[in-house]
Amino acid sequence: MKLALVGMPGGGKSTVGRSLGRALGAPFVDSDTEIEQRLSGESIKDFFASQGEAAFRDLESEVIAELLQRPGEMVLATGGGAVLRELNRERLHQQATVLYLRSSPEELFRRLRNDTQRPLLQVANPQAKLRELYGQRDPLYRRCAHFVLETGRPSVQGLTNMILMQLELAGLVDPARVAATVGASSDAGPVNSRA
């Protein structure tokens, strides 16, 4: 089984994805980390600035397609804008079980207000930018997702357990496998570890 996490920047995709990977004994992959490895040390922020968003989205689509083709299980955290391309939405929906980690723009701003690494938020009014991005992307995340989970303020472990229960109820995860992992982790930190 492949799980793919989609959602806004700062929604906790990487943090929750790592926790899910541990719980399921599945490899965790972050598409942004994979992209940066291809950029030979250049940050996404710098690539965005020098090459533009379209070039970044091309590379992102290529990386997501390759990751989804890898054999075996995987928990994949995607970049916040991965859903902007219809091809990415279709691939993710068809080749993985997609989890939308939904957070309000206000909650995201609380988590990201001091973040200087996200290119789209390096603007005069990042809270207004988050509202704009949310308005544009929320329908796309919903269209792509098999499950929508409100992140609110639960701990990472709480959100991981909620996801595992959803997957178990849907018959996607063996209940014995979930029972063995729920509560096994002591990670109770905030959803976005970079906050």
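**Close-up views of a predicted model**

**View 1. E53 pairs with R57 in a salt bridge.** The closest N and O atoms of the two are 3.1 Å apart. A salt bridge puts a side-chain nitrogen of Lys or Arg within 4 Å of a carboxyl oxygen of Asp or Glu. This is a predicted model: local features need pLDDT of at least 70, side-chain atom pairs count only at pLDDT 80 or more, and totals for chains, interfaces and linings use all residues. Residues are numbered from 1 along each chain as its sequence is written, and side-chain values use heavy atoms, without hydrogens and water. E53 and R57 sit four residues apart in helix α4, so about one helical turn separates them. Helices (H or I, at least four residues) and strands (E, at least two) are DSSP runs, numbered from the N terminus. R57 is buried at 6% relative accessibility; E53 is partly exposed at 32%. Buried means under 20% relative accessible area, exposed over 50%, partly exposed in between (1.4 Å probe, protein chains only).

**View 2. E106 forms a salt bridge with R131.** Their closest N and O atoms are 3.3 Å apart. This pair links distant parts of the chain: E106 lies in helix α6 and R131 in helix α7, 25 residues apart.

**View 3. R142 forms a salt bridge with D138.** Here the closest N and O atoms are 3.0 Å apart. Both residues lie in helix α7, four residues apart. D138 is buried, with a relative accessible area of 11%. Salt bridges that share partners join R102, D138, R142 and E150 into one network.
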